[in-house]
Amino acid sequence: MEFNCVQFLQNKTILVTGATGFLAKVFVEKILRVQPNVKKLYLVVRASDSEAAMKRLRAEVFEKDLFKVLRENIGEENLNTLFSEKVVPVAGDISTDCFGVKDSNLRERMQKEIDIVVNVAATTNFDERYDVGLGINTFGALNVLNFAKKCVKAQLLLHVSTAYVCGEKSGLLREKPFAMEEIRNEAGHQLDINFEMELMKKRLKELHDQDCSDEDITLSMKELGMERAKLHGWPNTYVFTKSMGEMLIGNHRESLPLVIIRPTMITSTLSEPFPGWIEGLRTVDSVIVAYGKGVLKCFLVDVNSVCDMIPVDMVANAMITATATHAGGSGVHMVYHVGSSHQNPVTFGEIHEISVRYFTKSPLRSRNGSLIAVSKVRLISTMALFSLYMTLRFKLPLQLLKLIDIIYPWRSGDKYGDKNRKINMVMRLVELYEPYVLFKGIFDDRNTKSLCANQKEDETKTSKGSMFDFDPKGINWGDYLTSVHIPGLITHVLKK
């Protein structure tokens, strides 16, 4: 099917949830830059009212460096006009029905005008509270679907999930929707999403009845999430609640066309609007930065495991292309893996080598201005060996510290307690990362590949080819990491 994404976006009214998030910002910027004649963008953000929502959008979206190219292209004044004419801030929360939009006129207008609904809102904490994860990632997705079904002109719901909804499976992982009835735990019990919700509510009520502190409630809810995820075969609350969200919208979509985008680990922009833009430390980035700062001496990782990364602008391009392809299609329920492991894999070992070369040649500076020397990290490939290493290297010396603290209680500071807390934090972090750094799956992307192949060369070209490029084969990982991604991390994250 031949189509033109720029033409498709003209005069379209699009609702985007999670508008202040990293991916949603890039998606919105791309639309405004390539198609200023989009009709309207309803952007849902958490805020008390529309004025507070606009304030948030300005501070957290439009005033960011990300928009500097658009600002330079059309000028500050025109950019402000574009925002005021095209962007409608919606103060809302997807964990409530109709996003909790109190203004009935606004609600009716949205339901009359919206053509496309894009759900990017999510909580991405691996060990999120179970009530929060269920509220946003699971039932929040269903609330968005129910709202989309009330939009009389709705042509498509595009839902952003994550490739890691697969859990800890290995081998080639297909792009296929979840069938809820197939999900059984080891005891043979079928997953029942409503039961999970009731169980969570019951536990929450018990905790409130017992007058537990907020801290204890948070801890209990986090533990419950991890416990339920592992019981049903997922490594953490995040991917478990995202999987259930996919199941619910798949089951309840009726005749509404549904496209599910499953990106892998999203990294900085490859080229648009300029290379290297990123916000915050994402997955593998915290490890790269810790290494550059000289604080990472050992890490749990299988050097031969593929680290499936994909630049954020490629994900946004795939989202727009999939929307233009499937809007208004009958019986559509498509899944797209947007990643690199199938067509252009890079291993954790290679990323480590590239990082060593980068920081050896261009070391970071410490607070006092001196250059930080880096050395190779001890990479340990199993959890058992990592625990043993931590015991011998840190926990045994820690026992001596404990003894010294007992013998000399007047020594200043609780050195044992402080170091013990740090070691427990490291172990917790490593346990959360374990499923990804030892991952043995490869994400099949034949749907995405054919979407890419079918995409007609846009008449507007950039020097790098198509205007909506998302072909991972074009990425040279060595160049990208050393010339784009790591410098981007230093500029946009570390320096701020």
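**Chat about a predicted model**

Visitor: Where is the place of Leu-385?

Guide: Leu-385 sits in helix 14, residues 383-407. Helices (H or I, at least four residues) and strands (E, at least two) are DSSP runs, numbered from the N terminus. This is a predicted model, where local features need pLDDT of at least 70, side-chain atom pairs count only at pLDDT 80 or more, and totals for chains, interfaces and linings use all residues. Residues are numbered from 1 along each chain as its sequence is written, and side-chain values use heavy atoms, with hydrogens and water left out.

Visitor: Why does Leu-385 count as partly exposed?

Guide: Because its relative accessibility is 46%. Buried means under 20% relative accessible area, exposed means over 50%, and partly exposed is in between (1.4 Å probe, protein chains only).

Visitor: Which residues form a nonpolar patch with it?

Guide: Leu-385, Leu-388 and Leu-392 form that surface patch, and together they have about 300 Å² of accessible area. Patches take residues with over 30% relative accessible area and no salt bridge; like charges are joined within 9 Å, nonpolar side chains (Val, Leu, Ile, Met, Phe, Trp, Tyr) within 5 Å. The areas come from the Shrake-Rupley method with a 1.4 Å probe, and for residues only the protein chains shown count as cover.

Visitor: OK, salt bridges. How many does the count come to?

Guide: The count comes to 20 salt bridges. The rule is a side-chain nitrogen of Lys or Arg within 4 Å of a carboxyl oxygen of Asp or Glu.

Visitor: What does Lys-40 form a salt bridge with?

Guide: With Glu-113, and their closest N and O atoms are 3.5 Å apart. Lys-40 is in strand 2 and Glu-113 in helix 6, so this pair ties together parts that are 73 residues apart in sequence. Glu-113 is partly exposed, at 23% relative accessible area.

Visitor: And Glu-246 with Arg-262: buried or exposed?

Guide: Both Glu-246 and Arg-262 are buried. They form a salt bridge too, with the closest N and O atoms 2.7 Å apart. Glu-246 is in helix 10 and Arg-262 in strand 7, 16 residues apart.

Visitor: Which residues are linked in a network?

Guide: Glu-29, Lys-30, Arg-33 and Glu-272 are linked by salt bridges that way.

Visitor: New topic: how many cavities does a search of the whole structure find?

Guide: The search finds 4 cavities of 30 Å³ or more. On a 1 Å grid over the protein atoms alone, a cavity is a set of points where a 1.4 Å probe fits but cannot get out, and a pocket is an open set with protein on both sides within 12 Å along at least five of seven lines; lining residues have an atom within 4 Å of a point. Grid points are joined across faces, edges and corners, and a volume is the space filled by probe spheres set on the points.

Visitor: How much space lies in the largest cavity?

Guide: About 240 Å³. Of its 18 lining residues, those closest to the centre are Val-284, Val-287, Phe-299, Phe-348 and Ile-351. By class, the lining has 15 nonpolar, 3 polar and no charged residues. Ala, Val, Leu, Ile, Met, Phe, Trp, Tyr, Cys and Pro count as nonpolar, Asp, Glu, Lys and Arg as charged, and the others, Gly among them, as polar.

Visitor: What about the largest pocket, how much space lies there?

Guide: About 1200 Å³. It has 44 lining residues, and the closest to its centre are Ala-122, Thr-123, Thr-124, Tyr-238 and Arg-282. Helix 15 gives the largest share of this lining, 4 residues.
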